[in-house]
Amino acid sequence: MKIVSWNVNSLKVRLPQVLDWLAIEQPDVLCLQETKQEDVNFPLTELNAAGYQCVFSGQKTYNGVAILSKQTLQQPTYGIPNFADEQKRVLAATVQGVRIVDVYIPNGQSVDSDKYQYKLAWLKALTTWLKEELKTYPKLALLGDYNIAPEDRDIHEPAAWEGQVLCSAPERAAFQELLALGLKDSFRLFEQPEKTYSWWDYRMNAFRRNRGLRIDHILLSAPLATACKASQIDKEARKVERPSDHAPVFAEIDV
DNA sequence: ATGGCTTCATAGTGAAGA
């Protein structure tokens with residue numbers, strides 16, 4: 001089972017790229033973030049025609065998540081239960097007995113902002129929920145844009161980013177709390193090239209200079225981590241004309 | 001250099017992203 005996370009930064013703008021990419025890569029499951037599209041405008045017809053079932057939760061302008069799957073999507077959940085949030089950032093569904101959780105974790109803007117406090121509270125609510133979810137679904141994959149670079153090796157210039165949002169100690173501690181649930185970072189289960197990132201700023205030729213961060217992740221519960229055969233980041237998708245600023249992140253699991 | 005670039009909502013600019 002090939003599962004992928006991709007922050008597309010507007011599904012309206014990126015739909016042709018997503019369709020081209022699906023036709024080539026043929027993942028079993030694709031989790032999208034930042035669709036920035038109300039549900040009434042979701043391109044269901046096009047994606048169904050491409051062979052994918054969909055669940056989606058969107059809003060105008062910001063946020064928005066969707067799960068695309070070749071196989072039947074069951075037991076969909078919208079948002080974090082018992083956590084009031086106007087922002088559409090979470091979707092879960094079961095595919096072939098695997099619980100797929102798609103998250104667009106808040107950016108946080110800067111460590112001294114209200115949005116940063118919202119991010120930390122949000123992460124706490126996510127962790128509390130997943131602890132319960134894992135009891136129901138031992139085979140669980142948490143995919144998405146985490147907006148957290150877990151370690152210095154996930155940053156092109158750690159000194160410049162030290163203590164900044166996406167890299168701060170409380171955010172990294174929150175990431176460790178997710179790992180403490182028994183989840184594994186699929187990317188780090190394997191030997192990886194140095195300086196591999198999943199996001200590059202649109203400005204300052206950041207992609208050409210490989211000035212990036214690894215902030216998109218696929219965490220796997222123990223039974224899935226054991227069954228994981230590969231994980232990589234598809235940098236090619238960032239090279240096309242008018243790309244998303246994020247690249248797709250892959251994990252391949254024997255299920 | 002507190003900018004750089006892209007998107008959205010909107011009709012000239014501002015917010016937000018990361």
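Q: What makes two residues a contact?
A: Two residues are in contact if their C-beta atoms, placed from the backbone, lie within 7 Å. In this predicted model, among contacts in chain A between residues at least 6 apart in sequence, 68% join residues at least 24 apart.

Q: Why is Tyr146 called buried?
A: The cut-off is 20 or more other C-beta atoms within 10 Å. Tyr146 has 28, so it counts as buried. Of the 255 residues of chain A, 44% count as buried.

Q: Where is Tyr146, and which residues does it contact beyond its neighbours within four places in sequence?
A: Tyr146 sits in the loop between β8 and α4 (158-161). Leaving aside those neighbours, its contacts are Ile105, Phe175, Ile215, Asp216 and His217. The C-alpha atoms of Tyr146 and Glu171 are 9.8 Å apart, while 25 residues separate the two along the chain.

Q: How do you know that the span of helix α3 agrees with its number of residues?
A: Helix α3 covers residues 114-136, which is 23 residues. At 1.5 Å a residue it should span 33 Å, and its end C-alpha atoms are 34 Å apart, so the two agree.

Q: Which residues of α3 are buried, and what do they pack against?
A: The buried residues are Lys119, Trp122, Leu123, Leu126, Leu130 and Glu133. They pack against β7 (98-104), β8 (140-145) and α5 (169-179). An α-helix has 3.6 residues a turn, so residues three or four places apart point the same way.

Q: What makes β8 largely enclosed by the rest of the structure?
A: In β8, 6 of the 6 residues are buried, so the strand is largely enclosed.

Q: In which sense, parallel or antiparallel, does β8 pair with β7, and in which with β12?
A: With β7 the pairing is parallel, over 6 bridges. The chain gets from β7 to β8 through α3, and this β-α-β crossover is right-handed. With β12 (residues 216-220) the pairing is antiparallel, over 5 bridges. There Asp145 stands opposite Asp216, and Gly144 has His217 as its bridge partner.

Q: What is the order of strands in the open sheet, and why are β5 and β9 said to stand at the edges?
A: The sheet has 6 strands in the order β5-β6-β7-β8-β12-β9, with mixed pairing. β5 (74-78) and β9 (184-185) each have a single partner strand, so one side of each is left without a neighbour in the sheet.

Q: Which residues touch the most other members of the largest nonpolar core?
A: Of its 69 residues, they are Ile3, Val29, Ile67, Ile100, Ala141 and Leu142. Not counting residues up to four places away in sequence, Ala141 touches Ile3, Val98, Ile100, Val101, Ile218, Leu220 and Leu224.

Technical notes:
Residues numbered from 1 in each chain as written. Chains lettered and ligands numbered in written order. Predicted model: local features only at pLDDT ≥ 70, side-chain atom pairs only at ≥ 80, totals over all residues. Helix = DSSP H or I, 4+ residues; strand = E, 2+ residues; numbered from the N terminus. Expected span 1.5 Å × (residues − 1). Buried ≥ 20, exposed ≤ 12 C-beta atoms within 10 Å, placed from the backbone. Pairing = 2+ DSSP bridges. Right-handed = clockwise from strand over helix to strand, strands pointing away. Core = buried A, V, L, I, M, F, W, Y, C linked by C-beta atoms within 7 Å.
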